[in-house]
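Subject: Structure handover

Hello,

Here is the structure I said I would pass on. My notes on what was found in it follow below.

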Amino acid sequence: MEEIYANVEYDKPVDPGPSTNPTGRRSSERRFHGAVVLCLGLLSVFLLAGLIGLSVHYSGRDADLSTINANLTERLQASDNKLSSVSAERDLLNASLTEMTKELDRLQSLSKENKTCPAGWTMFSSACYLLSGGTGTWDEGREDCRSRGAHLVMIDSTKEQTFVAGLTQRDTWIGLNDKDVEGTWKWIDGTPLTVMNWAWKQPDNGGGDPKFGEEDCAHIRAETTEWNDVSCETDLSWICEKIA
């Protein structure tokens with residue numbers, strides 16, 4: 001049997017290589033450019049929306065600031081008006097006070113001119129003073145002054161001290177004592193000292209020497225016009241004082 005050999009020639013695939021179709025490439029480029037344009041457009045829209053929002057926001061803040069500024073201006077104006085009113089009232093009060101002070105001075109001058117002291121009394125600064133004709137204890141001097149509508153003299157200024165000292169040439173009681181509390185000196189009406197004229201090392205309550213006893217009353221020393229404490233039972237002159 002004859003063997004038949006057939007030569008079959010198979011077609012080999014042919015590599016087409018890179019496409020050279022220009023139409024497809026242009027279509028892809030167009031889609032890409034379109035996407036880019038779309039993104040840029042959306043971004044522009046977002047930016048525009050943001051700018052509009054910011055504009056509205058700051059416009060609102062400007063309106064608020066304008067309102068606040070207007071309120072502050074109104075309050076400042078009201079405060080200025082009140083201050084002007086208070087200043088005017090103060091000026092009126094000062095003027096009224098000045099007039100009242102002048103009137104008071106005038107009345108006091110008239111009062112001083114019309115005031116007189118009883119016979120035998122001496123006037124000083126709207127008060128009358130009398131040096132006793134006799135002598136006695138501190139309590140006797142106090143009672144004598146009371147019977148005359150007066151009190152033992154109380155000294156509250158250096159001028160009065162000088163005047164009172166000039167009324168007497170001998171040791172003289174004044175209305176000063178520490179009977180209630182030892183060492184706490186008060187005037188006869190209970191007021192504390194505002195002026196002091198104690199002699200050196202006085203008051204000393206007798207220095208603790210029993211022969212002097214308790215020295216609870218004060219007098220003016222004739223030789224120095226200074227104050228000294230001595231027993232209230234000592235026999236001295238006194239000075240009475242009363243309002244003219």
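Leu-40 is found in helix 1, which spans residues 22–114. Together with Phe-32, Val-36, Leu-43 and Leu-47, Leu-40 makes a nonpolar surface patch of about 490 Å². Please keep in mind that this is a predicted model.

For orientation, here is the chain as a whole. There are three helices and eight strands. Read from the N terminus, the elements follow the order α-β-β-α-β-α-β-β-β-β-β. The chain has 244 residues, and 23% of them are buried. The chain exposes about 17800 Å², with 57% of that area supplied by carbon and sulfur atoms. Of the contacts with a separation of 6 or more, 68% are accounted for by residues 24 or more positions apart.

Next, helix 2. Which residues of helix 2 are buried? In this helix, residues 138–147, they are Trp-138, Gly-141, Asp-144 and Cys-145. These residues lie on the same side of helix 2, because they cover an arc of only 125° around the axis. What covers them includes strand 3 (151–152), strand 4 (172–177), strand 6 and strand 8. Just after the helix comes Gly-149, with a positive phi of about 70°.

How many salt bridges does the structure hold? The count is six, and some of them are described here.

- Arg-142 and Asp-139 are joined by a salt bridge between their side chains, at 3.1 Å from N to O. Both residues belong to helix 2 and are three residues apart, about one turn of the helix. Arg-142 is partly exposed, at a relative accessible area of 21%. Asp-139 also counts as partly exposed, at 25% relative accessibility.
- Arg-142 has a salt bridge with Glu-143 as well, and here the closest N and O atoms are 3.8 Å apart. Glu-143 counts as partly exposed, with a relative accessibility of 40%. Through salt bridges that share partners, Asp-139, Arg-142, Glu-143, Arg-146 and Lys-179 are joined into one network.
- Arg-148 pairs with Asp-144 in a salt bridge whose closest N and O atoms are 3.1 Å apart. Asp-144 is one of the buried residues of helix 2, whereas Arg-148 counts as partly exposed at 40% relative accessibility.

That leaves helix 3, residues 158–165. Its buried residues are Glu-160, Gln-161, Phe-163, Val-164 and Ala-165. What covers these residues? The cover includes strand 1 (122–124), strand 2 (127–131), strand 6 (217–220), strand 7 (227–230) and strand 8 (237–243).

Regards

Key
Residues are numbered from 1 along each chain as its sequence is written. This is a predicted model: local features need pLDDT of at least 70, side-chain atom pairs count only at pLDDT 80 or more; totals for chains, interfaces and linings use all residues. Side-chain values use heavy atoms; hydrogens and water are left out. Buried means under 20% relative accessible area, exposed over 50%, partly exposed in between (1.4 Å probe, protein chains only). Helices (H or I, at least four residues) and strands (E, at least two) are DSSP runs, numbered from the N terminus. Contact means heavy atoms within 4.5 Å. Accessible areas come from the Shrake-Rupley method with a 1.4 Å probe; for residues, only the protein chains shown count as cover. Patches are made of residues with over 30% relative accessible area and no salt bridge: like charges are joined within 9 Å, nonpolar side chains (Val, Leu, Ile, Met, Phe, Trp, Tyr) within 5 Å. A salt bridge is a side-chain nitrogen of Lys or Arg within 4 Å of a carboxyl oxygen of Asp or Glu. The arc is that of the directions from the helix axis to the C-beta atoms.
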